[in-house]
Amino acid sequence: LLARIRVCDTAVLIAPPLKRGVRSQEIMTTGEWRIPGRSIRVARNAAEMLRAAAGLQDSHDHFGPAHSIETLLPFLSHLNARIEVIPVRLGALPWAACQRIASTLAGMVTSRRGGLMVIAASNLSRGAAPHAVRQQDAPIIQAIENKDAKKLADMASPSGLIGVATAVAI
């Protein structure tokens, strides 16, 4: 999929919290993410703007082992060497919070010089058997295809591992 898209200069990477049920609204506004062969900077000004407008909490503590984010970084970096990132963690949130964050991102996407892309990542199906993954993913994929952000946010309530990130991205 990444090979078929234009990778913008800035990517907002939305990932689930490390623990289920956490009502996380965190953002990393400074620093860099180290990947083999280089580091990718956090887009500091854009991250701070998103933090302030969307009411996110600045945090570096919870972004260490963010597997759903770090697996994407080498690919994004290969496709655009200038890329900067804005890592965000969103747990189980009320629909109003999803709408607030999504509205802020929508404004940033249309106004950011060099472009801004939003990628929703998930660890939902990690370790599950293939048949279980298909069953588990079917309603999620259907909601994504229907662009039903409210349904995705509602599905996230018990675990926080899916839905919220995708609902915000849609």
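Buried means under 20% relative accessible area, exposed over 50%, and partly exposed in between, for a 1.4 Å probe and protein chains only. The model is predicted, so local features need pLDDT of at least 70 and side-chain atom pairs count only at pLDDT 80 or more, while totals for chains, interfaces and linings use all residues. Residues are numbered from 1 along each chain as its sequence is written, and side-chain values use heavy atoms, with hydrogens and water left out.

**Exercise 1. List the secondary structure elements of the protein and find the order of the strands in the open sheet.**

Step 1. Helices (H or I, at least four residues) and strands (E, at least two) are DSSP runs, numbered from the N terminus. With this rule, the protein has 7 helices and 7 strands, and from the N terminus on they follow one another as β-β-β-β-α-β-α-α-β-α-β-α-α-α.

Step 2. Strands of a sheet pair through backbone hydrogen bonds, either parallel or antiparallel. Two strands are taken as a pair if DSSP finds at least two bridges between them.

**Exercise 2. Describe strand 6, its partners and the directions in which its residues point.**

Step 1. Strand 1 (residues 10-15) runs parallel to strand 6 and is joined to it by 6 bridges, and in this pairing Leu-13 stands opposite Pro-87.

Step 2. Strand 2 (residues 25-27) runs antiparallel to strand 6, with 3 bridges between them; here Gln-25 stands opposite Leu-90, and Ile-27 stands opposite Val-88.

Step 3. Glu-84, Ile-86, Val-88 and Leu-90 point one way from strand 6, whereas Val-85, Pro-87 and Arg-89 point the other way, and all are buried.

**Exercise 3. Is Glu-84 buried or exposed, and which side chain does it join in a polar contact?**

Step 1. Glu-84 belongs to strand 6 (residues 84-90), and because its relative accessible area is 16%, Glu-84 is buried.

Step 2. A polar contact is a pair of N or O atoms within 3.5 Å; within protein, one must be able to donate a hydrogen and the other to accept it, and residues adjacent in sequence count only if both atoms are side-chain atoms. The side chain of Glu-84 makes such a contact, of 2.4 Å, with the side chain of Arg-41.

Step 3. Contact in the wider sense means heavy atoms within 4.5 Å. When its neighbours within four places in sequence are left aside, Glu-84 is in contact with Asp-9, Thr-10, Ala-11, Ile-40, Arg-41, Val-42, Ala-43 and Arg-112.

**Exercise 4. Work out how helix 1 and helix 4 pack, and which residues make their contact.**

Step 1. Axes are lines fitted to C-alpha atoms, for helices over the stretch in contact, and angles run from 0 to 180 degrees between N-to-C directions. Helix 1 (residues 44-54) and helix 4 (residues 95-111) pack at an angle of about 145 degrees, and their axes are 9 Å apart.

Step 2. From helix 1 the contact takes in Ala-46, Met-49, Leu-50, Ala-53 and Ala-54, and from helix 4 Arg-100, Ile-101, Thr-104, Leu-105 and Met-108.

Step 3. Helix 1 also lies across strand 1, strand 2, strand 5 and strand 6, running at about 25 degrees to strand 6, while helix 4 lies across strand 1, strand 2, strand 6 and strand 7, running at about 145 degrees to strand 7.

**Exercise 5. Follow Arg-51 from its helix to its surroundings.**

Step 1. Arg-51 lies in helix 1, and because its relative accessible area is 25%, Arg-51 is partly exposed.

Step 2. The side chains of Arg-51 and Glu-48 are joined by a polar contact of 2.5 Å. Apart from neighbours within four places in sequence, Arg-51 is in contact with Ile-27, Thr-29, Leu-56 and Asp-58.

Step 3. Glu-26 is 25 residues away from Arg-51 along the chain, and the C-alpha atoms of the two are separated by 8.3 Å.
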